[in-house]
Amino acid sequence: MSTVPDLVLFAVLLVFAGALAGLLAGLLGIGGGAVLVPVFYQVFGYVGIDPAVTMHLAVGTSTAIIVPTSIRSFTAHRKRGVVDMELLKGWIVAVPLGAVLATVVASHASSEMLRLIFAVIALMLAARMIFLSNRLHLGDDLPGEPARFAVGTGFGLISGLMGIGGGVLNNTFMTLYRRPIHQAVATSSGVGVLISIPALIGYIAAGWGETGLPVLSTGFVNWIAFALIIPVAMVVAPMGARLAHAMSKRQLEFGFAAFLVVVSLRFFWSLYG
């Protein structure tokens, strides 16, 4: 991807990717990482980026985009007073620790392994949305230590490996213990901050000096994608949000679950097809 036509094609594809990610993120009420990673994987592969680093680049770039979006979201939710700050303070070590561990694992993992991890976890999340929804509850309050620390570390690890902000995982966790969904969503924005900042630093370090990366990349983060995706996604996301208000919560759950299943099957096909 060294010629001007290649760069133009790359930019055009990323604009379409940003529009798709923004629409789906607004429609499905997610941070966008679960949408951006498979979209980035397709775009990076289409323009001929080395397959050995395509998935790493997709995850790292998605993580970079989550940093400003999660900070903005967290600030807005905190002003409304609905964030569980006690939970976040208890996770101020656990979640970043998991995110850093994720970048260490990713630096030694193959592209195939990262795709397999994403596909398996996405299928598990889809199954939960389809078959369990909000009918299952594990207790009336969140577990104490050391279980809570372990959960936070696990969320950081899984989210860091998938390039997501942890919203789907934390929403599930908090609602399983009967926390209101609005509080869960608000707190998840803070979890995204705790995950994305250390993970961003980790993916830059993990990919430092790697060969086969596209122009304007720092480690496993491509700044062309970063610069193009954010404004487009922010413009299109409200359109998806308006569509979401015309649908029931159950329809949205099935929609996101269906998307995750399609992505999982695509990754499984790329591995074993």
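This is a predicted model: local features need pLDDT of at least 70, side-chain atom pairs count only at pLDDT 80 or more; totals for chains, interfaces and linings use all residues.

Mentor: The 15 residues of H5, at 1.5 Å a residue, should span 21 Å, and the end C-alpha atoms are 22 Å apart, which agrees.

Trainee: Which residues of H5 are buried?

Mentor: Ala-94, Val-95, Pro-96, Gly-98, Ala-99, Ala-102, Thr-103 and Ala-106 are buried in H5.

Trainee: And what makes up the nonpolar surface patch?

Mentor: Ile-92, Val-93, Leu-97, Leu-101, Val-105, Phe-149 and Leu-157 make a nonpolar surface patch of about 560 Å². H5 gives the largest share, three residues, and H5 and H7 each supply at least two.

Trainee: Where does Val-93 sit, and is Val-93 buried or exposed?

Mentor: Val-93 is in the loop between H4 and H5. Its relative accessible area is 51%, so Val-93 counts as exposed, the cut-off being over 50%.

Trainee: Switching to aromatics. How many aromatic pairs are there?

Mentor: Eight, from a search of the whole structure. One of them is Phe-40 with Phe-44, a stacked pair at 5.4 Å centre to centre and 10° between the planes. These two are four residues apart in helix H2 (residues 33-46), so about one helical turn separates them. Phe-40 and Phe-44 are both buried.

Trainee: What about Trp-91 and Phe-155?

Mentor: Trp-91 and Phe-155 are edge-to-face, 5.8 Å centre to centre with 80° between the planes. That pair links distant parts of the chain, 64 residues apart: Trp-91 is in the loop between helix H4 (85-90) and helix H5 (94-108), and Phe-155 is in helix H7 (residues 147-162). Both Trp-91 and Phe-155 are buried.

Trainee: Now charges. How many salt bridges does the count come to?

Mentor: Three. Arg-179 bridges to Asp-84, with the closest N and O atoms 2.6 Å apart. Here too distant parts of the chain are linked, 95 residues apart: Arg-179 is in the loop between helix H8 (167-176) and helix H9 (181-206), and Asp-84 is in the loop between helix H3 (51-79) and H4. Arg-179 also forms a salt bridge with Asp-141, at 3.3 Å between the closest N and O atoms.

Trainee: Is Asp-84 buried or exposed?

Mentor: Asp-84 counts as buried, at 10% relative accessibility. Asp-141 is partly exposed, at 49%.

Trainee: What do Glu-112 and Arg-115 do?

Mentor: Their side chains meet in a salt bridge, 3.5 Å from N to O. Both lie in helix H6 (residues 111-132), three residues apart.

Conventions: Residues are numbered from 1 along each chain as its sequence is written. Side-chain values use heavy atoms; hydrogens and water are left out. Rings of Phe, Tyr and Trp (its six-membered ring) pair if their centres lie within 6.5 Å; planes under 30 degrees apart count as stacked, over 60 as edge-to-face and the rest as tilted. Buried means under 20% relative accessible area, exposed over 50%, partly exposed in between (1.4 Å probe, protein chains only). The expected span of a helix is 1.5 Å times one less than its number of residues. Patches are made of residues with over 30% relative accessible area and no salt bridge: like charges are joined within 9 Å, nonpolar side chains (Val, Leu, Ile, Met, Phe, Trp, Tyr) within 5 Å. Accessible areas come from the Shrake-Rupley method with a 1.4 Å probe; for residues, only the protein chains shown count as cover. A salt bridge is a side-chain nitrogen of Lys or Arg within 4 Å of a carboxyl oxygen of Asp or Glu.
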